[in-house]
Amino acid sequence: MTTPPPTPVPVPAPAGASAVRIGALVPLTRPGWVDAGRHLLAGMELAVGEVNDTGGIGGAPLELLVRDTAADPGRAAAAVDELAGLGVAALAGEYHSVVARAVAARADALGVPYLCSSAVLDALTDGPTDRIARLAPPQSRGWRAYADFLLRAGHRRIAVAAQPSVYWSSGIRLLRERLAPHGGTVVELDASTLSPAQVCDGLVAHRATALLLLVGHPEPAVPLVVAVRRDPRLAETLIGAPAGQPEFPSWSALLGADGAGVPFLRYLPERPGPLGARVERALRERLAEAPSFVAFEGYDTIAVLAAALRSHGTDRARIAASWPDAAVEGTRGPIRFTRPPGTRLWQWPDPPVQVADRDPAAPDRFRTLHRD
């Protein structure tokens, strides 16, 4: 029987102790995915509060310096410069893969360790680096699991409504590679030029049995879902959203019943352990809604960085050197980092991966459809 972790005992920091600063990069305004940013920040703030309630870092309080990336790589890179100048010990966060890639490049150039919370693009860095580590699974793992789900569900003719993006292009390539040996095909429909009605016509013309939304939310994802749901020719067509749009309450608020039954990737275990259950309760209270997997990624990010700061101090080079020594109990399982041959950064190899959807019979409830 697993013994629940003890309740943190508040330990006050010495008077006048200088704060240990972490730079937090999150999308908090559009066109960034604001729901994801809000959940990511809530997880980080909760963990920082718990660190400070148990003595901080060697008696000094831990402090987040938060910067809004708004899904803009240039803005994020400028924030890295600012935060480095403010003396942060490390950088954390970000949800959008293209933005996280810009953060990683600039952080590496400046010698600042960066723990990427939630971005999944495999090529997060141009070359190998010891300064960058990541908690989220690489896109190749998650999207291949999604392709396996499609195959198991009998889908071989797949259409994607996509907007131009390195992240979406990478996802399409991964889907094609996984589906092709099994006779699967992927046709692209340009969501930046086609209307929702034209996308529906394209689905019919290509006899696709599934449409994957590789687009922004709420536009044009919501109009596309509504158009497909209202088209009697597409009554049996599966709508999927691998990037996780249906995870967040705004999806259900905007689409209601139309937003149910849309499979997406999420990075949660089937059942939480004691730490995950405790953090889930605290996050639910903080957010006033069910926390997404992104909120747990935020919490785990700070847990890892706090452990590194406590054991290796605040020197940036020593923090970067700590990745292979990390051994932290996270909300979704034990966290360690590995670096297999050919890998460009330090990666947690074991985050849970599942395909889930909102239950059509109860859209506030999630169903697990496939596990990797």
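Figure 1. The protein, shown here as a predicted model, contains 11 helices and 15 strands. Its radius of gyration is 21 Å, close to the 21 Å given by the globule rule for 372 residues, so the protein is as compact as a globular protein of that length. Along the principal axes, the C-alpha atoms occupy a box of roughly 70 × 40 × 35 Å. Of the 372 residues, 54% count as buried.

**Figure 2. Residues 1–15 and the confidence of the prediction.** The average pLDDT of the protein is 94, and 95% of the residues score at least 70. In residues 1–15, the pLDDT is below 50, and this stretch makes 16 contacts in the model beyond near neighbours in sequence. Where pLDDT is low, the predicted coordinates should not be read in detail.

**Figure 3. The loop between β8 and α7, with Pro 218 and Pro 220****.** This loop joins β8 (210–214) to α7 (221–230) and includes Pro 218; Pro 220 lies in the loop between β8 and α7 as well. The peptide bond from His 217 to Pro 218 is cis, with omega near 10°. A cis peptide bond also leads from Glu 219 to Pro 220, where omega is near 0°.

**Figure 4. Glu 94 in the loop between β3 and α3****.** Glu 94 is located between β3 (90–93) and α3 (97–110). Although Glu 94 is not glycine, its phi is positive, near 75°. With 0% relative accessibility, Glu 94 counts as buried.

**Figure 5. Arg 207 in the loop between α6 and β8****.** Arg 207 is exposed, with a relative accessible area of 57%.

Notes:
Residues numbered from 1 in each chain as written. Predicted model: local features only at pLDDT ≥ 70, side-chain atom pairs only at ≥ 80, totals over all residues. Heavy atoms only, no water. Helix = DSSP H or I, 4+ residues; strand = E, 2+ residues; numbered from the N terminus. Rg over C-alpha atoms; globule rule 2.2 N^0.38 Å. Buried < 20%, exposed > 50% of the residue type's maximum accessible area, 1.4 Å probe, protein only. pLDDT = per-residue confidence, 0-100. Contact = heavy atoms within 4.5 Å.
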